[in-house]
Protein chains: 2
Amino acid sequence: MTKTRRKAPDATRKRLIQAAFSEIHEKGFQPTGLDKILARAKLTKGAVYHHFKNKTDLGYAVFDEVIDPWVRGRWIEPIHEAADPLKELIARVKAVPKRSGKELALGCPLNNLILEVSGLESGFRDRMNGLLDAWRVQLAADLKRGQRDGCVRADVRPAETAAFVVAALEGLVGIAKPASDVKALKQTVNGFVGYLQSLRPA
Amino acid sequence: MTKTRRKAPDATRKRLIQAAFSEIHEKGFQPTGLDKILARAKLTKGAVYHHFKNKTDLGYAVFDEVIDPWVRGRWIEPIHEAADPLKELIARVKAVPKRSGKELALGCPLNNLILEVSGLESGFRDRMNGLLDAWRVQLAADLKRGQRDGCVRADVRPAETAAFVVAALEGLVGIAKPASDVKALKQTVNGFVGYLQSLRPA
DNA sequence: AAAAATACATACCGGTCGGTATGTGTATTA
DNA sequence: TAATACACATACCGACCGGTATGTATTTTT
């Protein structure tokens, strides 16, 4: 039987990635020490350097296997699967201020990473650009579909609008990070929703 | 004569702050070591700990004396002083993709700092919230003024719109950081400009 | 001019960092 | 079942970090 399991290498690898994600989400990639990740995962350095080349390689895995699906599952796929993409988008934007204070303070892991490590090397940059591009492309396609279905104004430019919406969304969750009171956040969301509703046909 | 100068404490202090700003702007607050700042300023640790309590205190000075005026001078005051605030805002948004690649990659120092250290302690958070609030208040007032002058639609809600614009702007410069090609950035800007122009009276 | 305060420079410390070398138990292969 | 490859744990390293203690030249005060 070649199917018997080893110690559990896959599970260990996922434990590492998940622990790294949590730490990175809280403190950022660079300030997060391997020791903190290992303490959370209850493993030692041997595990890290068996499964990954180095800390950066672990960071790549965190992006590919957690952050990327995280963003897609929250912001790309639900809008794509919705009959009315604009309605789904508005609903999700409205839901942002309802998050817990801790969740708001943590922010979007993609946005955090962009602002932190985009200046370092190309490994992260390429990944982030790829995800952002996929996001824009998908949203543009969904807006176009909305136009065909009559729930998005015909004179809306899908690509430009999609790109702007993505940027505004990252700006929104970024602004939310330091906001101690939700008032400013709610105002921002209202402004955002107002814009999105202006994309509706008259 | 009590006016004769000492070694030049004020100039030294400014050298420190300016060097710290440059390093922080490039690599962020936490990853920036005091040694790098001191090498750039051609000073030693004695200078830092004479003028500042610690690294965080130096960071506060960087925010108060460089970043805060930087944002106000670039995005708050020019719009406030313009006869047509919306026109000035649009012009400045359009100018973003014309920046140098290096400048784009560095991003907005305020936005960088928000995403990095808003989760740490209240010192930075309070400063950033204060600046963001001042920004929103001023822009809202300028939009209101635009409404009185007839260059902004009457049904625009100034406070909400201002808050959204601020967030979208931070999102824009954030998105620009990893962008290797300017195409996506230009699309984002076009979408942004389209939104701003929709605030014009019909 | 002597004394005191200021404005730094130099040397050093404990702690933490990413990374490596090596040891060892476990699972797979032969 | 013996040999081998795998999946970690342990111990350790040099580099760097923020911070401190102290020395000293320069101003300012008296």
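**Exercise 1.** How many salt bridges does the rule find across the interface of chain A and chain B?

*Solution.* Start with the ground rules: this is a predicted model, where local features need pLDDT of at least 70, side-chain atom pairs count only at pLDDT 80 or more, and totals for chains, interfaces and linings use all residues. Residues are numbered from 1 along each chain as its sequence is written, chains are lettered from A in the order in which they are written, and side-chain values use heavy atoms, leaving out hydrogens and water.

Next, apply the rule, a side-chain nitrogen of Lys or Arg within 4 Å of a carboxyl oxygen of Asp or Glu. Between chain A and chain B, zero salt bridges turn up.

**Exercise 2.** Work out which parts of chain A touch chain B.

*Solution.* First, take the contact (heavy atoms within 4.5 Å): 37 residues come from chain A and 36 residues from chain B. Then look at the area: the two chains bury about 3000 Å² between them, 68% of it on carbon and sulfur atoms. Here, buried area is the accessible area (1.4 Å probe) that two parts lose on being put together, summed over both. Of the area that chain A buries against chain B, A:Leu115, A:Phe164 and A:Pro178 supply 22%, more than any other three residues.

**Exercise 3.** Find how chain A and chain B are related.

*Solution.* Superpose the copies by least squares on the C-alpha atoms of residues with pLDDT of at least 70 in both. A rotation of 180° with 0.0 Å of shift along its axis places chain A on chain B (RMSD 0.0 Å). That is the relation of a two-fold axis. Within chain A, A:Gly171 comes closest to the rotation axis, at 1.8 Å (C-alpha).
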